[in-house]
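This report describes a predicted model in terms of its helix packing, its strand pairing and the contact between its chains.

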Amino acid sequence: MRGLLVILAIMIAAATARANDIAVALADDIIEIDADFAGADVFLFGAIEGAEDPESFDIIAVISGPAGDFAVRKRERRGLIWIPGAPVVIADAPRLHLSVATRAVGDIAPLPDLATNRIGADRAFKADAGDATAPPDYRSAFLAAQRERGLYRDEANGVEFPKGALFTIETSLPAETPIGDYTIAVFLYKDGALIADDAATLRVNKVGLERQIYALAHGQPLLYGLLCVGLSLLAGWIAGAAFRKS
Amino acid sequence: MQIYLPIAEISVDPFVVMFLGAAVGFLSGMFGVGGGFLMTPLLIFYGIPPAVAVGTEASQIVASSVSGVLAHIRRRTVDFAMGGFLVAGGSVGAVIGILIFRYFRDIGQIETFISISYVIFLGVIGALMLMESVRTLFRSTQAPRTRRKHRSAPWMAAMPFAMRFRTSQLYISPIPPIFLGFCVGILASIMGVGGGFIMVPAMLYILNMPTNVVVGTSLFQIIFVTAIATVLHAAANQTVDIILALLLLTGGVIGAQFGARAGRRLKGEQLRALLALIVLAVCARLLFDLALPPVTPFVVEPA
């Protein structure tokens, strides 16, 4: 498998014409998160064209996918207790945003440049253009929550250079990864300047029992509810019968 | 090892979940109670979204009541007529409970609502149980139990449509059992409890039913009403996680066996005091979580 990938990568490398260009491809562009739900691995490979010593470059891959709206609420004191207050909506933020790089992204390029390309967990979504809809503390709370669930993540030292101009990136998607389409943008930096970029797309599907349960529960909730009751009755009866014998 | 719960949408350690099921199963076997009122808060403490904890616990109570109901039917200790009225009231209560649940879910305060409900419920029950058992423990000799009055309270006798309940040897109006079922049905929907805790004393002391049919009849009501609550939660809120329910059940049946054995070695009043303390501890934890400055000041959810 790896041998084949390296050959493919060499072919890609040969096909790229421009000096110091970058080209990437995915080992699998459809990922199925399976019933064990431990997450899944993404394997990305590519080549830097015309590079004498590839390790003097910096590479950043940003896996970012299905955008959604999130409500962030601050707990406020009401009398004796704390309850969530009015929601602030963070619109159009990716549900998953992973940045895998040769080293800490902050060391690779200046922050405004990273922000333009949405590199790094802290820059996953566009900071609202000056309007006050999402105050900074709500934004950072949102980022912290996503980071804690493993959905926003920065990974340094995630790029390997197995041979010559070739590089490989291997990372894992958490079990909570939402299904949908993802873009993988790969950036090539040299001395803090962006030289080239390329992109690939990735589709995440979930298969297996868990996925079917989810689909049934949301697609035919009444049927699912009746099934749950049926299963509970059956399981309870079996458990009771098993222990009466022993 | 981690397993992904499809409805709760989080990864959990299946052995921790089974252990939780076993711990509550142990307590319910030891004390002869359903355990829903302890399981739901424990699931919340573990990190299961409260709405999913409630919906799932309803289905787990269905499972854990099956063998009890069947045993009581075999022993003919179920008053089906009384049970029928309790279920009728309970069904309506379950629907009202779901509507209340949905309302608080829509305004985004369902977690607070569930916590407050539990603080009140556990606080009252725990305090009453503790007072009762302390009183009995200090009164060294067991006071003679008041015998069952054969006449019901005047306000009950005054109710219309009085009818005969053969198994319970009662001649009362069906309105009080319908109302009792209704209240317990609301609790089943909004808290994910069976409600035996409230129903059994009410059947004994208010409806005046004989002791031998009380547990069987209340289990009969609980299995129907929690089944209805499960279907309603699944249909209206999509909050029943069958994987979670089956994990809990697996732990629960094992724990209940050991609990029943342990319970035989302890005296009734000590048991009751112990259970009261556990209930109050869970209540206190929920109360602290509500009243202390939050560890995570923000709540993030998909909009």
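## Helix α1 of chain B and its neighbours

α1(B) passes α2(B) in a right-handed crossing, where right-handed means that the near helix is turned clockwise from the far one by less than a right angle, and left-handed that it is turned anticlockwise. Helices here are DSSP runs of H or I with at least four residues, strands are runs of E with at least two, and both are numbered from the N terminus. The axes of α1 (residues 14-31) and α2 (residues 36-46) of chain B come within 10 Å and cross at roughly 155°; axes are lines fitted to C-alpha atoms, for helices over the stretch in contact, and angles run from 0 to 180 degrees between N-to-C directions. The two helices are therefore roughly antiparallel to each other, given that angles over 145 degrees count as roughly antiparallel, under 35 as roughly parallel, 65 to 115 as roughly perpendicular and the rest as oblique.

B:Leu20, B:Val24 and B:Leu27 in α1(B) meet B:Leu38, B:Met39, B:Leu42 and B:Tyr46 in α2(B), a contact being a pair of residues whose C-beta atoms, placed from the backbone, lie within 7 Å. By class, this contact of α1(B) with α2(B) has 7 nonpolar, no polar and no charged residues, where Ala, Val, Leu, Ile, Met, Phe, Trp, Tyr, Cys and Pro count as nonpolar, Asp, Glu, Lys and Arg as charged, and the others, Gly among them, as polar. α1(B) also packs with α10 (residues 242-263) of chain B, at an angle of about 40° and with the axes 5 Å apart, and this crossing is right-handed. The contact of α1(B) with α10(B) has 22 nonpolar, 11 polar and no charged residues.

## Strands of chain A

Chain A has 6 helices and 10 strands. Strands pair if DSSP finds at least two bridges between them; β4(A) is joined to β5(A) by 16 bridges in the antiparallel sense, with A:Phe70 opposite A:Ile90 in β5(A). The hairpin of β4(A) and β5(A) has 2 residues between the strands, and A:Gly79 takes a positive phi near 65° there. A further 7 bridges join β4(A) to β9 (residues 180-190) of chain A, also antiparallel, and A:Ile59 stands opposite A:Leu188 in β9(A).

## Contact between the chains

β4(A) also pairs with β5 (residues 298-302) of chain B, in the antiparallel sense over 5 bridges. A:Arg73 stands opposite B:Val299 in β5(B), while the bridge partner of A:Lys74 is B:Phe298.

The contact takes 43 residues from chain A and 43 from chain B. α6(A) gives the largest share of the side of chain A that touches chain B, 16 residues, and by class that side has 31 nonpolar, 6 polar and 6 charged residues.

## Numbering and confidence

Residues are numbered from 1 along each chain as its sequence is written, and chains are lettered from A and ligands numbered from 1 in the order in which they are written. In this predicted model, local features need pLDDT of at least 70 and side-chain atom pairs count only at pLDDT 80 or more, whereas totals for chains, interfaces and linings use all residues.

How values were computed:
Contact = placed C-beta atoms within 7 Å.
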